[in-house]
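Please look at the sequence and the model first.

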Amino acid sequence: MGIEKQDTGLKITKEEVEYVAHLARLDFSEAEKSKFTSQLNDILMYVEKLNQVDTTNVEPMSHAIALQNVFRDDSVHDSLSHDLSLSNAPEARGPFFRVPKVIE
Amino acid sequence: MELHQLTIHELQKLIRSQGIASSDIVKSVFSRIDAVEGNVHAYITLMKEYAFAEAAKADKDVKEGILKPLTGIPIALKDILCTKGFLTTCGSHILHNYVPPYDATVVQKLREAGAVFTGKTNMDEFAMGSSTETSYFGITRNPWDLERIPGGSSGGSAAAVAADECIASIGSDTGGSIRQPAALCGVVGMKPTYGRVSRFGLIAFASSLDQIGPFTKDVEDCAIMMNAIAGYDPRESTSVPLNVPDYTEFISRGIGGWKVGIPKEYFIEGIHPDIEKAMQRAITTVEGLGATCVEISLPHTEYCLAVYYIIAPAEASSNLARYDGVKYGFRPQGSIDLLDMYKKTRSAGFGAEVKRRIMIGTYALSSGYYDAYYKKASQVRALIKRDFTEAFTLCDAILTPTSPTPAFKIGEKMDDPLQMYLSDIFTISTNLAGIPGISVPCGFTKDGLPIGAQFLAGHFEEGKLIQIASAFEKYANIEKRRPAL
């Protein structure tokens, strides 16, 4: 994390909300930031209760039905055409998706 | 009785023996939609022209002797399932104009089974909600009381079945999004085992929890729908390569000699008194069927909601990173550079609840917090799954309420996320453990609102759920009512 936690008694500060928003590529108004800070605090306080559970030597679980090494044959299938792939693009040019300039 | 009021199995008989045409059924359903949709708003997109064309094809098939399991039956699809050539919004502004170039596997399977699609149903944005109030396309109203919510996130699919605006429908369930609206709208809803139904073409919310399942008017229809959609899909690597039984064979088997677990942690303070009474009656009904009810314990129940509200947002924050305004969907004008475009697209494209969950998820996964939140939640999740494994050594199935309250008033919980999240307190554990669950009607409150009972079974034991739910449905003798619309 890029920001030191201030001693506010809160789980998450407004500055942290701003930092996380940047990571998530979201912008918020000042009013939204205050509301989110308070609501995220409530939720994070609530999930604190997980610390009551002793999880020593418990393997974390990622999927309910654990499958391993799901392989498929390396065979050629039909794929979407260029036109179809670009059919939903907000902006396209030729065979490409168009975005604002990335490289100066 | 009007055709739109009938079940799949009733209509199948009429099509096969009485010469009733699919076109007549579709006409009846769309006249019902014309009459009530203005009040209910179950649909985001109607596929009327398509439905009539497909019904005509079904009628031709029937004349030629081609009869498939769902030939000519009008089915509604939650707008989270990709439909080739038809708008698929996921209830979000960011996908308001998205027309998928392919069908979800479930959509393809239903087509192959002969189903006729009526339209795409309303839902909480990206399936994040318990009331269908977070949809970009407006709220859906509960057919039993238009001042109340239908539940969520698959509220449109539940309301469409309850209001006879389709014969059956498809929803998705990440923490209760099929079972809770089924309970609140007085219909049957099943969440299958994780891996039983392919998620290919289901717009992802939380990939380790999402499952697709049916809403139907009775349990036999649920079995018919499960037959159509279940099974391994080579395009979906978490779908499980196991044989699928014929679920309709479980309908009349009865449950004599079964042990049914009643988890003491699910009968807590705060349950609506009418629901508590209905559950007592449900226990008596189950015992009347020759089963024994035994008290069991699922000791980590109180942690389910906290685990869910770490894991689901964490997975969502990752899944929803793809909505960046580049490949599909909404993109606002006037961005100065790429980063600015991402931020403008996502800030204007997502609603408040989706942003809230992306924020929680991003925070929980961010450097320095991963162990404290995501890892801890995944460990407690393993303990929740273990609770169920141990419980199923003592009983064949588990009985709980589906929801702690009946349908609540529109707007009542919108400003208090934690209160809203509590609506899913009895359904979330099922998704965390990956087991199947079904909600069946089990009566009404004094105010005439539907109540649901939930049955749970072990992994891939959907057949057992059909068995107990159909026995319960027959024996409980729940008063047949229809919403007064």
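This is a predicted model: local features need pLDDT of at least 70, side-chain atom pairs count only at pLDDT 80 or more; totals for chains, interfaces and linings use all residues.

Residues are numbered from 1 along each chain as its sequence is written, chains are lettered from A and ligands numbered from 1 in the order in which they are written, and side-chain values use heavy atoms, with hydrogens and water left out.

Chain B contains 15 helices and eleven strands; these are DSSP runs, numbered from the N terminus, with helices being H or I of at least four residues and strands E of at least two. The radius of gyration, taken over C-alpha atoms, is 21 Å for chain B, close to the 23 Å that the globule rule gives for 485 residues, so the chain is as compact as a globular protein of that length. The globule rule is 2.2 Å times the number of residues to the power 0.38.

| Property of chain B | Value |
|---|---|
| Span of the C-alpha trace along its principal axes | about 65 × 55 × 45 Å |

The largest nonpolar core has 181 residues. Such a core is a set of buried Ala, Val, Leu, Ile, Met, Phe, Trp, Tyr and Cys residues joined through side-chain atoms within 4.5 Å. Its largest share, eleven residues, comes from helix α9 (residues 304–319) of chain B. Leu70(B) is among the residues with the most contacts inside this core. Not counting residues up to four places away in sequence, Leu70(B) touches residues including Ile8(B), Leu110(B) and Met225(B), where contact means heavy atoms within 4.5 Å.

Notes:
Buried means under 20% relative accessible area, exposed over 50%, partly exposed in between (1.4 Å probe, protein chains only).
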